[in-house]
Amino acid sequence: MEKDCELKLGPPERSQKIDVIIVGAGISGLVAAYRLLEKEPSLQIRILEASDNIGGSLQQISQGEIGAKWFEASQAHVYQLLQRMEIPLQQRSIVDAALPRCWELDQGVSSNLANYELQRYINELQLKSPFFRPGRFSIRKNSTKMEKHINNRLFFNESRKFMTNLVELVCGSKASDITYKEFMSICYGCGGLQNIINIYLDCPNTLLEFDSAHLLNVLTKRLQGTEFLLSRQVKAIYHYKDYIEVHDSTQKMHTTDVLILAIPLNALQQINFSPPVPMEMRKLLNNKLKTRLMLTSFIAGYGDGHWRNAGYSGSFLKSEPFIVGCEYRPNVYAGMMIHNSGLEPLVRSIALNALALHFGDAMKTPHTYNQHTFELSSLAHVPLTTPWHRIVWSSSAAASTCYRGFLGGAVQSGLRAALNALLLVRPQVVTWTDVADVHCQNCPNIKDVGPLQLWMSGLNLYNVGYYTLYASSVFLALQFAYKKFG
Ligand SMILES: Cc1cc2nc3c(=O)[nH]c(=O)nc-3n(C[C@H](O)[C@H](O)[C@H](O)COP(=O)(O)OP(=O)(O)OC[C@H]3O[C@@H](n4cnc5c(N)ncnc54)[C@H](O)[C@@H]3O)c2cc1C
């Protein structure tokens with residue numbers, strides 16, 4: 001892939017003003033470039049990428065994808081993109097429904113109760129999601145933290161750990177750093193909690209799978225003439241009335257009419273803006289994470305299907321440390337582990353030892369093994385979608401769909417960013433259908449519910465126990481009073 005990128009590198013750096021500069025060669029940046037050129041082939045586009053390859057979270061290796069690989073057909077924008085690029089899609093069919101999944105949560109004496117209360121809690125959050133549409137509620141500093149909410153609602157340690165891990169995976173921050181309202185708003189933007197669990201943890205047969213290497217090849221072929229500059233991390237952005245200056249890590253300066261920032265929120269927070277971004281955006285950009293969390297994605301191939309041999313199929317889940325695994329092919333397993341920065345070299349032994357405990361010692365010695373570490377992307381409770389003069393926000397975190405944090409969100413944000421950029425540099429080529437193309441479909445997974453169902457969903461072991469105790473003590477007190485004075 002790297003070789004491919006080098007071959008496709010455009011002409012040497014030009015010093016003159018470029019029509020559009022895109023920062024970040026992840027799927028959202030590439031889609032933005034593709035859409036811009038499709039609408040206006042004469043545009044000069046330059047892509048600045050911090051790493052030495054393109055694709056961002058779509059990392060791929062010879063055994064298969066080590067990054068994003070699955071999505072639901074309801075992620076309309078990515079589905080349509082793959083159809084247009086003629087990328088073959090196949091439905092995931094590897095899970096053997098007759099065999100159980102291997103989740104730590106399903107084991108132990110209290111597993112049934114823990115699973116029950118967890119499912120009830122997830123249902124409650126799912127039902128309440130529509131009330132947390134971004135921008136429709138206010139977040140005060142003293143709002144309940146998600147960690148407290150989890151501890152107040154869940155009794156069993158296993159279910160608490162599961163939820164705490166899920167919060168980290170979804171928001172990229174610790175449950176103690178994020179409020180309940182922020183989390184709920186983020187879940188709404190991601191299409192609901194159940195959707196997140198489906199794609200990242202359960203990986204059922206209903207998901208669609210595609211070859212990300214193929215997609216990147218087709219996209220880069222269609223971007224012939226676009227200038228790719230790799231290993232250029234953008235450090236500072238100077239915003240003038242008629243143009244923008246971008247300074248990269250090699251001390252080079254680029255000038256452009258419009259700048260598309262197709263990078264995650266964490267990366268945006270590391271860039272110096274001059275003049276500083278407006279107040280309402282500053283709140284999001286200055287809200288830096290207290291702890292940097294990393295996600296190492298791995299893929300391990302064996303000579304035999306050890307999961308099936310041990311009587312399991314589908315997915316693997318362990319809470320401490322948080323390790324998720326999925327059957328990728330009958331004898332190839334993909335997984336990921338969330339950890340603090342610096343622990344990357346230990347992931348292989350920790351993850352394979354954890355798998356060996358359930359599927360046998362052979363798991364410790366894979367025939368092939370690859371891993372890649374990503375910084376866990378953080379999501380703010382509202383996405384950055386409105387351009388700031390000549391600066392346009394893109395990336396999966398800046399999507400206005402119900403698939404923020406997913407491929408669908410990345411593609412939609414790329415299309416929207418291209419539209420915003422065209423309105424600035426070539427407004428005459430924009431049509432109504434372009435606007436309709438980036439329109440966000442309503443969340444198919446989140447439905448409004450009646451007040452009774454909502455109230456019932458809030459019942460849990462704690463409050464049902466509390467109400468029962470309260471009602472019986474009132475009853476006993478009345479009975480006692482009646483006997484004594486009646
Ligand atoms: C391991 C993993 C598995 C996933 N699996 C799925 C899945 O199965 N299904 C699904 O729908 N979604 C999945 N996702 C989420 C999905 O991959 C992402 O939402 C999507 O790819 C994000 O694309 P993006 O273009 O917004 O950002 P990225 O892919 O993160 O691209 C951003 C690019 O910007 C570059 N960059 C950052 N800062 C700078 C800077 N200052 N200057 C220049 N360049 C910079 C980065 O190097 C990177 O290449 C997964 C994510 C991960 C990490």
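Author: Let us start at the ligand, where a backbone N or O atom of S57 lies 2.7 Å from an oxygen atom of the ligand. Please keep in mind that this is a predicted model, in which local features need pLDDT of at least 70 and side-chain atom pairs count only at pLDDT 80 or more, while totals for chains, interfaces and linings use all residues. Residues are numbered from 1 along each chain as its sequence is written, and side-chain values use heavy atoms, with hydrogens and water left out.

Reader: How much of the ligand does the protein bury?

Author: Taken alone, the ligand exposes 1,000 Å², and the protein buries 89% of that; such accessible areas come from the Shrake-Rupley method with a 1.4 Å probe, and for residues only the protein chains shown count as cover.

Reader: Why is the ligand said to lie between domain 1 and domain 3?

Author: Both domain 1 (2-91 + 208-289 + 379-437) and domain 3 (293-375) give residues to the shell around the ligand, so the ligand lies between them; the domain bounds come from an automatic or database domain assignment. The shell has 34 residues, with S28, E49, S57, W70 and S396 the closest, where being near means that a heavy atom of the residue lies within 4 Å of the molecule or strand.

Reader: How do you know that C203 and C326 form a disulfide?

Author: A disulfide is a pair of cysteine sulfur atoms within 2.5 Å, and the sulfur atoms of C203 and C326 are 2.5 Å apart, so the pair meets the limit. C203 lies in the loop between α8 (193-202) and β8 (208-209) and C326 in strand β16 (residues 323-329), so the link ties together parts that are 123 residues apart in sequence. Helices (H or I, at least four residues) and strands (E, at least two) are DSSP runs, numbered from the N terminus.

Reader: What makes C187 buried, rather than exposed?

Author: Buried means under 20% relative accessible area, exposed over 50%, and partly exposed in between (1.4 Å probe, protein chains only). At 1% relative accessibility, C187 therefore counts as buried.

Reader: Why is S231 called partly exposed, but S395 buried?

Author: S231 has a relative accessible area of 39%, so it falls in the range between the two limits, whereas S395 has 6% and is therefore buried. S231 has a positive phi of about 55° although it is not a glycine, and S395, also not a glycine, has a positive phi of about 90°.

Definitions and conventions:
A polar contact is a pair of N or O atoms within 3.5 Å; within protein, one must be able to donate a hydrogen and the other to accept it, and residues adjacent in sequence count only if both atoms are side-chain atoms.
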